[in-house]
Amino acid sequence: RSTLAVTLFPYTTLFRSGSESEEDFAEILRTEINYKNFKKAIKSLRKLNLIIQKRGTVYIELHPLVKEFIRYNYISEERNVYISLLINYYDKMVVILKPRLNDKLTYDELKSFTNKIELSINAKKYNDAIGHLLEIMTAMTNAGYIEEYLRVSKLLFDSITWKRKTILEYPQFDILFIFITGVSFEYGDSEYSNELIEKYENLFEKKEQQYFKVLQAKTYNLWLSGKNDIAIDMCEQGLYLLKRASQPDNYDLKHRLALCLRDTKEDENIRKALDIFLLTNKLDELLGNTINSDISGTTYGNVGKCLYLIKEYNNSIICYSKSFYLIFEKSQLQKFLNLGYATYWIAEVLYSQGDNEKAYYFYKYSQINWEKGSPYLMNKNRRLNNDELRSTTFDSINSLEEWKIERYCLDYIEKRLNIKFS
């Protein structure tokens with residue numbers, strides 16, 4: 001019905017999921033089709049109801065029938081020629097954005113990176129996709145766009161061939177694998193996380209170093225599930241095998257062991273965990289008047305949790321406050337997740353000391369952070385949201401805007417540590 005519309009069909013492989021506007025595509029295809037003919041072709045496709053415009057936006061996508069037509073009539077190698085046009089388009093945008101890549105970028109700006117990654121996956125350039133996913137990992141998750149990051153990562157994992165030889169061709173695959181299995185679980189998709197672990201585990205034997213990656217992923221999920229005894233056994237097995245082979249623990253197994261020992265809430269295990277968390281640091285130094293920025297916020301937090309469990313409440317809140325400060329101030333991976341822990345633990349101490357109003361502010365701030373970083377933990381840790389904390393005052397706290405909750409918590413930490421946030 002329209003020669004121009006048919007002429008445009010090969011290029012419609014670019015019209016993926018409503019991420020670009022009509023004018024974007026005119027620019028992308030500028031070297032292939034002149035603007036006048038492009039507009040005529042789009043008009044013809046619209047008349048045939050083969051172009052769908054996303055409601056309330058200028059973005060367009062193809063009718064599913066056309067997508068099927070393209071897949072049937074054009075082999076992937078032919079489609080890749082056209083996909084490369086769109087990759088080149090996003091390359092130009094990414095080059096501009098990359099020097100200021102951080103969690104301050106807008107969703108649309110960060111979407112330029114994930115659009116390019118998605119195109120690389122479609123073109124089966126999996127090493128490129130993995131590299132770009134790792135590049136934007138901190139910025140994307142700290143900006144609160146974990147769901148989008150997971151979506152594109154799942155697309156990658158669902159597209160690759162799960163064979164031993166193939167996986168070994170991707171040098172950075174293990175880093176992304178460990179991160180996504182953990183984040184998927186934290187975000188509430190334990191089934192997908194465990195499915196990935198099983199796929200990976202089936203490719204390698206116990207004598208291979210990848211087996212320790214399996215233990216790294218499994219023990220984290222077991223710890224989050226509260227299955228500490230099983231996880232402790234796995235960690236100890238892995239550490240024993242590494243020691244026998246004179247290999248370093250590059251798999252966080254000792255750290256995983258400490259988390260599980262601590263959360264058994266048995267006094268002897270808590271003290272063992274405390275020794276592991278301290279590393280080479282002295283407890284007195286952590287509890288001093290200064291903050292050592294060479295010590296991570298998570299170290300301060302985990303030490304504080306051990307102190308809380310052995311009822312050293314005053315010392316625990318010192319560590320928690322320093323943990324909060326360092327996590328808030330530094331750009332680090334999974335900032336929302338760790339801020340959630342720090343604020344929830346502060347709330348626990350304040351609640352145990354009878355300071356319920358302050359406790360509720362920190363509890364609310366933990367929920368705000370976990371809503372962005374780990375809905376699983378948000379739902380799991382609702383213990384402080386009970387009738388004992390309910391009153392007119394707490395109802396008014398519930399109604400406060402997010403920034404007011406944050407400001408209250410920052411003011412509290414500043415006064416407690418006699419320090420200012422930047």
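Predicted model: local features only at pLDDT ≥ 70, side-chain atom pairs only at ≥ 80, totals over all residues.
Local features need pLDDT of at least 70 and side-chain atom pairs count only at pLDDT 80 or more, while totals for chains, interfaces and linings use all residues. Residues are numbered from 1 along each chain as its sequence is written, and side-chain values use heavy atoms, with hydrogens and water left out.

In soluble globular proteins, nonpolar side chains tend to be buried together. A nonpolar core is here a set of buried Ala, Val, Leu, Ile, Met, Phe, Trp, Tyr and Cys residues joined through side-chain atoms within 4.5 Å, where buried means under 20% relative accessible area, exposed over 50%, and partly exposed in between (1.4 Å probe, protein chains only). The largest such core has 74 residues, and those with the most contacts inside it include Val303, Phe324 and Phe362. Helix α19 (residues 335–352) gives the most to this core, with 11 residues; helices are DSSP runs of H or I with at least four residues, numbered from the N terminus. Apart from this core lies another, of 42 residues, Leu110 and Ile160 among them.

The structure also holds 21 salt bridges, each a side-chain nitrogen of Lys or Arg within 4 Å of a carboxyl oxygen of Asp or Glu. Glutamate 208 forms one with arginine 164, their closest N and O atoms being 2.3 Å apart. Because glutamate 208 lies in the loop between α11 (190–201) and α12 (210–224) and arginine 164 in helix α9 (residues 164–168), the pair ties together parts that are 44 residues apart in sequence. Glutamate 208 is buried, at 15% relative accessible area, whereas arginine 164 is partly exposed, at 38%.

Technical notes: Helix = DSSP H or I, 4+ residues; strand = E, 2+ residues; numbered from the N terminus.
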